[in-house]
Amino acid sequence: MEEGIGGLRHLYMTVFLSGFASLMVIPAITDITMLALCPGQDECSLAIYLSGFQQAIIGLGTVVMTPLIGNLSDVYGRKSLLTVPLTLSIIPLVILAYSRETNFFYAYFALRTVTAMVCEGSINCLTLAYVADTVSERERVSAFGILAGFLSASFVCGTLAARFLSTASTFQVAAFASMLATIYMRVFLKESLPARDGTLRQPILKGGSDAIEEDGYSPETIEAFKKVPSARDLICLLRSSKTLSQAAVVSFFQSLAEGGLQASLMYFLKARFHFNKNQFADLMLIVGISGTLLFMPMLAPVIGEEKLLSIGLLVGSFNMFLNSISWAVWVPYAATLFSAFGFLVQPSIRSIASKQVGPNDQGKAQGCISGISSFANIVSPLIFSSLTALFLSEEAPFYFPGFSIMCIGLAMIIAFVQSTMIRASPISSHKTSSIISVEST
């Protein structure tokens, strides 16, 4: 199924709507969490630890679920599997759209934790695999860049909406947009599966009856669950290509830094400069707008995704170091201009990874990278939430409120050093096709 970049318009719109719904609530959620846990305070260690705990639990779930969903999408199709996380992501938003009282916050917190185990990395994994199915290797990095551009545009639009809407209206609009994304995807998006005959090997929903064996399971069901990847399978996939292994290491440290940023930055800014919902929205708006200014489809063919990856990581680390020593309220706003280069990182990693496997293993490869990123999200809050809470408290061993942000910059430096070791190598689209084969029992 290769239709070129033009065939991805419905996928891009789905990503935009989904991103709009999930990103527009970020500026408000910090204030809601603080209000529920520590009303009237600008510094709350409980909120930092609880958010870090949630992030770690979500990461633990996505380590298991993302490779599984990516692998099953190779069998059942990207659209069919994409329906699951898009539908589940609606539920937590509806709860806070109804009420932001303390009891509803705890219900949101619990359901958000459970649903995000499936949604957090799966939507990204499946959309990237869909892109890899639809466009050729030559156009792939440009298609990934355009996908990142639509996500950045949703970032801008969602943050702009949050800036002018009340907290109640923000969650109501987000819930509606999330529903619209699911309906739009089901109606307009074509199914995609890398089968040679262009058809699904085994659709999830179909009429008719299957042959049933004596134990009550159909042969197709047994075969599908034999294809569920084990840790050994994923290790074999990584070992099949040195470049893929290097991309996985870069993805781990970059996600470690990204997860630390999510766990620390907003609480740091709230404690340091008393940021509120509107200031968070303004900050995110600058990030989103600056991200859309880098036209990756034009840069990638000239520079190459390997160099774009290194540039993004190096400049991103400088952004973290500048944030860590913020001495005035305008410094975080100025530093976000460098975060535009961060939009180069994940599309570059995904493009590099997609070229190391054949068309039948795109879901496995993207799911594997997403699983590694999710593992980093388990480790990250355990480290950075503790550091943030410690250095924002009176018990800090020395005065450096931005120490945790500085450590995040060091993680990005490690990712940058590893990225410089990745070398471009032309890979046949079938080099590692069907590497993973689960032995029959």
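Student: Let's start with Glu120: buried, exposed or partly exposed?

Tutor: Glu120 counts as partly exposed, because its relative accessibility is 40%. Bear in mind that this is a predicted model.

Student: Which residue does Glu120 pair with in a salt bridge?

Tutor: Its partner is Arg112, and the closest N and O atoms are 3.3 Å apart. Arg112 has 27% relative accessibility, so Arg112 counts as partly exposed too.

Student: How many salt bridges turn up in the whole structure?

Tutor: The search finds 4 salt bridges. One of them joins the side chains of Arg78 and Asp133, at 2.6 Å from N to O.

Student: Are Arg78 and Asp133 buried or exposed?

Tutor: Arg78 and Asp133 are both buried.

Student: Which residues make up the salt-bridge network around there?

Tutor: Asp74, Arg78 and Asp133 are linked in that network.

Student: What about Gly363, how far is its C-alpha atom from that of Asp133?

Tutor: The two C-alpha atoms are separated by 9.4 Å, although Gly363 and Asp133 are 230 residues apart along the chain. Gly363 belongs to helix α17 (residues 362-391).

Student: And why is Gly363 called buried?

Tutor: Gly363 is called buried because its relative accessible area is 0%, and the cut-off for buried is under 20%.

Student: Back to salt bridges. Which residue does Lys355 meet?

Tutor: The side chain of Lys355 meets that of Glu305, at 2.8 Å from N to O. Glu305 sits in helix α14 and Lys355 in the loop between α16 and α17, so this pair ties together parts that are 50 residues apart in sequence. Both Glu305 and Lys355 are buried.

Student: You mentioned α16. How many of its residues are buried?

Tutor: Helix α16 (residues 345-354) is mostly covered, with 9 of its 10 residues buried. Among the buried ones are Val345, Pro347, Arg350 and Ser354.

Student: Okay, helix packing. How do α14 and α18 cross?

Tutor: The axes of α14 (residues 305-324) and α18 (residues 403-419) come within 8 Å and cross at roughly 165 degrees. Helix α14 is therefore roughly antiparallel to α18.

Student: Is that crossing left-handed or right-handed?

Tutor: The crossing of α14 and α18 is left-handed.

Student: Now α3 and α11: what are the angle and the distance between their axes?

Tutor: Helix α3 (residues 45-76) and helix α11 (residues 242-273) pack at an angle of about 160 degrees, and their axes are 10 Å apart. These two helices are therefore roughly antiparallel to each other. The crossing of α3 and α11 is right-handed.

Student: Last topic, the surface. Which residues form the nonpolar patch?

Tutor: Val94, Met179, Ile183, Val187 and Phe188 form a nonpolar patch, and together they have about 440 Å² of accessible area.

Student: Which helix gives the most to the nonpolar patch?

Tutor: Helix α8 (residues 167-188) does, with 4 residues. Phe188 is found in that helix, α8.

Student: How accessible is Phe188, and what does Phe188 count as?

Tutor: Phe188 has a relative accessible area of 43%, so it is partly exposed.

Methods:
Residues are numbered from 1 along each chain as its sequence is written. This is a predicted model: local features need pLDDT of at least 70, side-chain atom pairs count only at pLDDT 80 or more; totals for chains, interfaces and linings use all residues. Side-chain values use heavy atoms; hydrogens and water are left out. Patches are made of residues with over 30% relative accessible area and no salt bridge: like charges are joined within 9 Å, nonpolar side chains (Val, Leu, Ile, Met, Phe, Trp, Tyr) within 5 Å. Accessible areas come from the Shrake-Rupley method with a 1.4 Å probe; for residues, only the protein chains shown count as cover. Buried means under 20% relative accessible area, exposed over 50%, partly exposed in between (1.4 Å probe, protein chains only). Axes are lines fitted to C-alpha atoms, for helices over the stretch in contact, and angles run from 0 to 180 degrees between N-to-C directions. Angles under 35 degrees count as roughly parallel, over 145 as roughly antiparallel, 65 to 115 as roughly perpendicular and the rest as oblique. A crossing is left-handed if the near helix is turned anticlockwise from the far one by less than a right angle, and right-handed if clockwise.
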